[in-house]
Amino acid sequence: MTTTETHRFEAEVSQVLRLVINSLYSNKEIFLRELISNASDALDKLKYRGLTEHSLAKDALEIRVYADEDAGTLTIEDTGVGMTHDELVKNLGTVAHSGSKAFIDALAEGRGDMQLIGQFGVGFYSAYLVADRVDVLTRAAGSEAGWRWSSEASDSFTVEPMEREQHGTAVVLHLKEDQREYLSSWKIRQLVTRYSDYISYPINVRVEKFDAGEEGEEPTPELVFEQVNRGVALWQRSRADITTDEYEEFYKHLTHDWDPPLAYSHFQVEGRQMFTGVLFVPKRPPFDLYSHEHQHGVRLHVKRVFIMDECKELLPSFLRFLRGVVDSDDLPLNVSREILQDSATVRFIKKQLTKRVFDMLDELAKDRAEDYVSFWKGYGAVIKEGLHTNPESKDRIVPLLRFRSTVTGEDGLTSLAEYKERMPEGQKAIYYVIAESDRAARTSPHLEALSKKGYEVLFMTDPIDEWAVQGLGTYEELPLEDAMGATFDLDDEAKEERAAAETRVASLIERAKEILGERVQDVRLSERLTSSPACLVVPEGGHHAHVERLFRATQPGYVGGKRIFEINGDHPLVEDLNRVHGASPDSPQVAEWIEVLYTQALLSEGSRLDDPSRFVEQVTRLLASAAHDAAAASPAPAEEATPESPSGSGASA
Ligand code: ADP
């Protein structure tokens with residue numbers, strides 16, 4: 001009786017398999033890194049269980065790699081935890097999270113290539129880059145039952161029972177005809193030293209050794225296992241002995257990223273508390289950095305034993321993009337999430353790590369300006385969260401902040417220190433404008449009076465900026481002032497002029513209040529405009545238009561706050577309006593013009609109109625009247641001669 005079961009792959013897995021098996025990707029050797037990494041994880045898990053289940057702790061923890069020339073197979077075998085029948089079916093037939101979908105999308109959208117496979121949690125399937133059939137022979141630690149999983153990467157795989165002497169897993173790759181180079185032990189050695197040297201378990205590769213034998217005899221080849229990696233955790237080694245290449249390879253092993261990290265910091269802290277580790281800043285932010293489901297945090301080891309991935313208790317949330325390893329000598333081996341949450345040791349480590357990250361970022365900003373710009377573009381918005389969530393770190397965050405401004409080019413960024421350097425005499429605040437994009441910021445009417453005075457204005461275009469800037473408050477005693485905000489006091493000298501203008505347009509302002517009614521919080525004379533006739537400003541405590549749009553998109557039924565409508569008393573248009581209003585206080589035309597000005601101000605802050613067709617009608621009426629006046633002032637067109645009828649006879653009747 002056959003006991004072979006056939007299972008279908010989950011649809012997304014099939015899709016990944018199809019992509020992999022047909023891939024023309026030339027860097028196929030990544031499969032070895034992925035499979036060795038899985039083997040190393042399996043050994044980590046066994047070592048951890050061995051802490052409490054002593055019977056599991058007696059066998060050697062190792063990885064073996066060997067080829068069988070005749071069978072055309074390459075095997076990667078570990079003495080790790082192995083898998084039960086159900087784990088096998090689940091782990092190698094379905095995907096735990098949205099990884100495969102994200103991977104497929106990334107490939108389809110050209111956002112990466114095959115090398116990303118491990119990052120999306122589907123690294124095992126990279127085996128099919130070089131194999132057309134894979135067998136997985138496994139026995140779970142603590143169980144007697146062995147299992148053989150096998151698949152030719154079609155839509156299904158089989159599982160059947162088998163005898164297996166030891167717990168652990170062997171992945172047997174039946175190499176494709178054109179991938180037989182991976183049978184060479186020399187090749188495997190070379191790849192292991194390049195990509196997997198930092199694995200902390202021995203990797204033993206089977207090689208042929210020639211015994212010279214007696215003189216005159218043919219040397220006889222013998223197959224022996226030889227350890228090809230160093231087998232010591234990288235972070236335990238002295239910094240002076242580690243090359244940049246080794247750090248980069250270790251990072252790639254840890255994260256499955258193919259790009260080297262942007263920066264790293266290796267620390268060995270001794271004293272009252274002892275811990276070591278390495279932290280890395282990935283070149284590119286993860287695709288789910290802002291998602292609630294984002295798993296983040298560093299890997300935690302206690303006295304060299306792997307404890308958990310994604311330990312987020314070790315770093316504040318605004319540093320969640322860091323990857324790396326922390327190995328503590330002081331935490332208990334049976335540490336749980338609950339213990340982590342209120343442990344003085346963890347608080348100490350967290351503080352130290354945060355400090356080291358700031359040191360690393362300061363250095364990056366100082367020594368590698370270009371890389372810092374790319375860092376800021378990727379992670380700036382996350383760092384800014386810290387202004388609110390971790391006020392104790394504010395002093396360290398502020399020097400890291402960068403902004404585009406009316407002075408920087410499209411790609412340039414300025415720090416607050418540089419801004420302050422450039423401030424002309426007499427400027428008493430740092431000005432910023434909150435907008436959806438640089439373009440909207442640059443053309444915002446709110447900047448007019450500031451530009452005229454030669455004041456630089458920072459652009460805040462990240463959704464988080466409105467919130468972050470409140471956390472910032474002041475910079476070296478200079479207040480940060482919102483160019484679109486309600487309190488705006490630019491000039492003492494202009495006060496008198498303003499009082500005069502106020503009396504001049506007082507009645508027009510009253511009329512505007514009547515006309516706009518509930519739509520605005522107030523109408524008043526503006527100090528911030530020079531070339532625009534009017535604008536809308538945000539009352540204190542209110543949200544900016546583009547932030548309100550975000551709220552609207554995420555919170556159904558969200559009602560935005562009212563704005564203050566400001567008019568520019570010196571603008572010729574407003575002056576004319578004021579004259580017409582003076583002559584005819586109830587003029588319906590004035591009412592319409594005020595409405596049009598208000599609607600334009602809404603458009604210019606990027607808001608949506610409740611009734612666009614009404615605006616179109618109003619503008620059409622204005623255009624018609626202007627065109628009519630212009631036509632009346634133009635000379636009448638000369639009478640045109642009637643064109644002669646065509647001479648050809650092709651016209652049909
Ligand atoms: P990831 O390792 O990112 O979860 P993979 O596709 O590489 O994704 O592997 C899927 C799962 O299969 C792993 O999470 C693990 O549970 C299991 N697995 C793979 N290789 C081994 C192995 N050598 N020993 C035990 N389990 C393994």
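These notebook entries record what I looked up in the structure.

**Basis.** I worked from a predicted model, in which local features need pLDDT of at least 70 and side-chain atom pairs count only at pLDDT 80 or more, while totals for chains, interfaces and linings use all residues. I kept the numbering from 1 along each chain as its sequence is written, and side-chain values use heavy atoms, with hydrogens and water left out.

**Terms.** I took helices (H or I, at least four residues) and strands (E, at least two) as DSSP runs, numbered from the N terminus. By contact I mean heavy atoms within 4.5 Å. I call a residue buried under 20% relative accessible area, exposed over 50% and partly exposed in between, with a 1.4 Å probe and protein chains only.

**Entry 1: helix H1.** I listed the buried residues of H1 (residues 11-21) as Val13, Ser14, Val16, Leu17 and Val20. They fall within an arc of 160 degrees seen down the axis of H1, so they line one face of the helix; the arc is that of the directions from the helix axis to the C-beta atoms. I then turned to Leu19, also in H1, which is partly exposed, with a relative accessible area of 31%. Leu19 touches Ile104, Leu107 and Met114, residues up to four places away in sequence not being counted.

**Entry 2: H2 against H5.** I found H2 (residues 30-50) and H5 (residues 185-195) packed at an angle of about 65 degrees, with their axes 10 Å apart. Axes are lines fitted to C-alpha atoms, for helices over the stretch in contact, and angles run from 0 to 180 degrees between N-to-C directions. The two helices are therefore roughly perpendicular; angles under 35 degrees count as roughly parallel, over 145 as roughly antiparallel, 65 to 115 as roughly perpendicular and the rest as oblique. H2 passes H5 in a right-handed crossing, that is, the near helix is turned clockwise from the far one by less than a right angle, anticlockwise being left-handed. Leu32, Arg33 and Ile36 of H2 meet Ile188, Leu191, Val192 and Tyr195 of H5.

**Entry 3: Asp44.** Also in H2, I looked up Asp44. Asp44 is buried, with a relative accessible area of 6%. Its contacts, not counting residues up to four places away in sequence, are Tyr201, Arg299 and Phe306.

**Entry 4: H8 against H9.** I noted an angle of about 135 degrees between H8 (residues 344-367) and H9 (residues 369-389), whose axes lie 7 Å apart. That makes H8 oblique to H9. Their crossing is left-handed. Leu361, Leu364, Ala365 and Asp367 in H8 meet Ala369, Asp371, Tyr372, Phe375 and Ile383 in H9.

**Entry 5: Thr414.** I placed Thr414 in the loop between strand E15 (404-405) and helix H11 (416-422). Thr414 is buried, with a relative accessible area of 1%. Not counting residues up to four places away in sequence, Thr414 touches several residues, among them Arg402, Tyr419 and Glu456. Thr414 and Arg402 are twelve residues apart in sequence and 5.2 Å apart in space, C-alpha to C-alpha.

**Entry 6: positive phi.** Most residues other than glycine have a negative phi. I recorded Ala153 with a positive phi of about 65 degrees, in the loop between strands E5 (146-151) and E6 (156-162). Ala153 is buried, with a relative accessible area of 12%. I also recorded Glu476 with a positive phi of about 45 degrees, in the loop between strands E18 (474-475) and E19 (478-482).
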